[in-house]
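Let's take a friendly walk through this fold together. Have the sequence and the 3D view at hand as you read.

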Amino acid sequence: MKISGGNMCKECSRGTITRRGLFAGGLALTVAASTAGLAFAQAPEGRPTTADEALKRLKDGNARYVANAPVNTDHSAGRTSRSMGQQPFAAVVTCADSRVVPELIFDQGPGDLFVIRVAGNFINEDGLASLEYGAAVLGIRAIVVLGHTSCGAVQATIKSIKDNTLPPGHLPSLVNAIRPAVYDVMPSNPSDLLAAATAQNARLNAKLAATSGPILSDFHDKGTIKSVAAIYNIGTGQVEVI
């Protein structure tokens, strides 16, 4: 390792080392060693180049999160490189619920995930445009539509259907987006309607991400990207692909 700069190098070249030079040199070595250790412990495995690799990276990260053994804890690392651009390897369509934080759930660092958030984790025109950008410009390899347990948006939709009423304000647009999933599962009279509707909502939107043309469907047909539906259990931290 070559350390340059400051009075220390001048003093070394003259064969003398002052206390100030020694302190500066020791501090530089300490910082360099600490930084190197962090970089080694948290170094990315390399950006996934296939959809299967991207999904495995997310699965492995969630396992670390569940075990409370995350490796992405130094969010200051890589700030300079991130300022030059972004290279996320996966997109996550997730609920706006404050308890659902994809970077933590999948133990990924800043810049690794392209996140689209809306209450009820459904995909509208804006969401499709965002995913198309992620696929065509950023080169994402996977899309995860992530529902979660105890979803208030899905519960509100169920209540709206049962009461035959619409909520106030702009909430009807949210309810109308989730309504198809509830209607799909109601005929089977599931024991847990909320869980069943939440899962179906994730499935419907994962299918939408995979089949919407011309951009996303083309990437999926080529096998460049895979879309999956998943449920995040807020209580256990585990993500289950469904």
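Predicted model: local features only at pLDDT ≥ 70, side-chain atom pairs only at ≥ 80, totals over all residues.

## An aromatic pair

A search of the whole structure turns up 1 aromatic pair. Its members are Phe-114 and Tyr-133, with 6.2 Å from centre to centre and 40° between the planes, so the pair is tilted.

The chain has a mean pLDDT of 86, and 81% of its residues reach 70 or more. Residues 1-44 need some care: pLDDT stays under 50 there, and the model has 21 contacts beyond four places in sequence for this stretch.

## The sheet

The open sheet has 5 strands in the order β2-β1-β3-β4-β5, and its pairing is mixed. β2 and β5 (239-241) are at the edges; each has a single partner strand, so one side of each is left without a neighbour in the sheet. On average, neighbouring strands are turned by 25° against each other, direction ignored.

Now follow β3. β3 pairs with β1 in the parallel sense over 5 bridges, and with β4, also in the parallel sense, over 7 bridges. On the β4 side, His-148 stands opposite Tyr-232. Helix α9 lies across β3 and β4, running at about 165° to β4.

How many of the residues of β3 are buried? The count is 7 of 7. In a regular strand, side chains alternate between the two faces of the sheet. In β3, Ala-142, Val-144, Leu-146 and His-148 point one way, whereas Ile-143, Val-145 and Gly-147 point the other way.

The largest nonpolar core has 21 residues, of which Val-93, Ile-123, Leu-131, Ile-140 and Ile-143 touch the most other members. Two or more residues come from each of β1 (90-94), β2 (113-117), α6 (125-138), β3 (142-148), α9 (193-211), α10 (215-221) and β4 (226-232). A second, separate core of 16 residues includes Ile-105, Ala-142, Ala-230 and Val-239.

Leaving aside neighbours within four places in sequence, Ile-123 is in contact with Val-93, Leu-128, Leu-131, Val-145, Asn-205, Leu-208 and Ala-209.

## Backbone details in the loops

Most residues other than glycine have a negative phi, and most peptide bonds are trans. A few places here depart from that pattern. Gly-213 and Pro-214 are joined by a cis peptide bond, with omega at about 0°, and Pro-214 is found in the loop between α9 and α10.

Asn-68, in the loop between α3 (51-66) and α4 (79-82), has a positive phi of about 55°. Asn-189, in the loop between α8 (171-185) and α9, has a positive phi near 50°. Asn-68 counts as exposed at 67% relative accessibility, and Asn-189 counts as exposed at 64%.

Note on methods
Residues numbered from 1 in each chain as written. Heavy atoms only, no water. Core = buried A, V, L, I, M, F, W, Y, C linked by side-chain atoms within 4.5 Å. Buried < 20%, exposed > 50% of the residue type's maximum accessible area, 1.4 Å probe, protein only. Helix = DSSP H or I, 4+ residues; strand = E, 2+ residues; numbered from the N terminus. Contact = heavy atoms within 4.5 Å. Pairing = 2+ DSSP bridges. Axes fitted to C-alpha atoms, helices over the stretch in contact; angles between N-to-C directions. pLDDT = per-residue confidence, 0-100. Phe/Tyr/Trp six-rings, centres within 6.5 Å; stacked < 30°, edge-to-face > 60°.
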